Amino acid sequence: MTIADTTTFPLRFELTPSTDAREEAEREVILADPGFGQHFTDHMISIDWTIQDGWHNASVVPYGPLQLDPSAAVLHYAQEIFEGLKAYRHEDGSIWTFRPEENAKRLQRSAHRLALPELSVDDFIESLKQLIAIDGAWVPSAPETSLYIRPFMIANESFLGVRPSQKVGYYVIASPAGAYFSGGVAPISIWLSTEYSRAGRGGTGAAKCGGNYAASLLPQQEAYEHGCAQVLFLDGETGSHIDELGGMNIFFVRSDNTIMTPRLSGTILEGITRDSILQIARDRGMEVEERDITIDEWREGLESGLITEVFVCGTAAVIAPVAALKSDGFTIGDENAAAGELTMSIRKELTDIQYGRIPDRHGWLTRLDEPGAEGAGAGAGAGA
Ligand code: PLP
Ligand code: COI
């Protein structure tokens, strides 16, 4: 079932500034060592939806707890979706994000799958601009840092029947971010889950919904217990080929100028970093293969020298080299292996585009701050 967006006009945002915003000195201490997902900016976006009124009450409000009735549908049936993107500060101080229309469209696809209402691409992008207008000073400027932006949508109607919620909230929060993995860009080992799947045919694997991540936590815990940073899942139907990780897509670099990644089978997330890497590889004249890849192909490819590098990618992780795959009874690769050369070179090209250090030849960047605004406060409440 699809719930149509009944809103046909751009939303206007009302601003309620925080009376408790952090002082510059306190913010600078946080920005100097942000970690990942530990600190949040002073404001957030909130937009309501009801089946009667469509999207309304678009507002920029102080960051703070949400009030939910204990019977709110999201708490019982996990009718929830989210997105993840980053704001990058360029050398001239301006603030940009990467392919936000792709996140907006993916949020719409996730909404469709979870029977939630779709927010327009324009309103999605405006919601990011509104948050940056008031909290732009939270975008750090040190190398490899950014402001991670987390839009999400929850079913907040109070009732216990199992049906799509007729009342929904869309929110955007933001968190200054350094490296996702504690070791920075050092190669990671990943754990192959042979017992658990994250997605099945006809399920929600291609949607960015909380339930997928809930299902990944036990195997992710298993990964940590084996000294691995992430868990890798096989396809749920045959258990024969590689799907993706708990929060990232995976790539293989071959010695014959080819890069390969699992095809979009409907059970993996259509990663925007994945798509951008495929484009960068094509731009370099590389062959690109999107198809089923097995663990045996990985093992044999490493042994024969055909597979030279493995890496994982996502907005939070950017591109992380993979040293080894571990599982019950076997290890593929060498846990102490160095980062692959092509991996690091694609990583550099991608981040050079994101941080405005090289031309944006594909038109992937969208400016989030008002030209000339630079900093907190300017522009919020101006409306869409
Ligand atoms: N796969 C999963 C399960 C993810 O959570 C993510 C992160 O968003 C990705 C892949 C990579 O997607 P993207 O590159 O759009 O961030
Ligand atoms: C992202 O990369 O944006 C994600 O949502 C993945 C998660 C591991 C933080």
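Across the interface of domain 1 and domain 2, the rule finds two salt bridges, a salt bridge being a side-chain nitrogen of Lys or Arg within 4 Å of a carboxyl oxygen of Asp or Glu. The structure as a whole holds 24 salt bridges. This is a predicted model, where local features need pLDDT of at least 70, side-chain atom pairs count only at pLDDT 80 or more, and totals for chains, interfaces and linings use all residues. Residues are numbered from 1 along each chain as its sequence is written, chains are lettered from A and ligands numbered from 1 in the order in which they are written, and side-chain values use heavy atoms, with hydrogens and water left out.

**The two domains**

- Domain 1 covers 14-181 + 365-383 and domain 2 covers 188-338, with bounds that come from an automatic or database domain assignment.
- Their C-alpha centres, domain 1 to domain 2, lie 28 Å apart.
- Domain 1 puts 20 residues into the contact and domain 2 puts in 23 residues, where contact means heavy atoms within 4.5 Å.
- About 1,800 Å² is buried between domain 1 and domain 2, and carbon and sulfur atoms give 62% of that; buried area is the accessible area (1.4 Å probe) that two parts lose on being put together, summed over both.
- On the domain 1 side, Phe82, Arg106 and Phe181 supply 35% of the area buried against domain 2, more than any other three residues.

**Salt bridges**

- Arg109 pairs with Glu270 in a salt bridge, with the closest N and O atoms 2.9 Å apart.
- Arg163 and Glu157 form another salt bridge, at 2.8 Å between the closest N and O atoms.
- In that pair, Arg163 is partly exposed at 36% relative accessible area, while Glu157 is buried at 14% (buried means under 20% relative accessible area, exposed over 50%, partly exposed in between, with a 1.4 Å probe and protein chains only).
- Glu237 and Arg201 meet through their side chains in a salt bridge of 3.2 Å, N to O.
- Glu237 sits in the loop between β10 (230-234) and β11 (242-245) and Arg201 in the loop between β9 (188-193) and α5 (210-225), so the pair ties together parts that are 36 residues apart in sequence. Helices (H or I, at least four residues) and strands (E, at least two) are DSSP runs, numbered from the N terminus.
- Both partners are out in the open by the cut-offs: Glu237 counts as exposed at 55%, and Arg201 counts as exposed at 70%.
- Glu349 and Arg284 also form a salt bridge, the closest N and O atoms being 2.7 Å apart.
- This pair links distant parts of the chain, 65 residues apart, with Glu349 in helix α8 (residues 341-354) and Arg284 in the loop between α6 (272-283) and β14 (287-290).
- Glu349 is buried at 14% relative accessibility, whereas Arg284 is partly exposed at 32%.
- Arg254, Asp256, Glu289, Arg291 and Glu297 are joined in a network of salt bridges.

**Pro219 in helix α5**

- Pro219 belongs to helix α5 and is buried, at 1% relative accessibility.
- Setting aside neighbours within four places in sequence, Pro219 is in contact with Trp191, Ser193, Tyr196, Val231 and Phe233.
- Pro219 and Arg274 are 55 residues apart in sequence and 23 Å apart in space, C-alpha to C-alpha.
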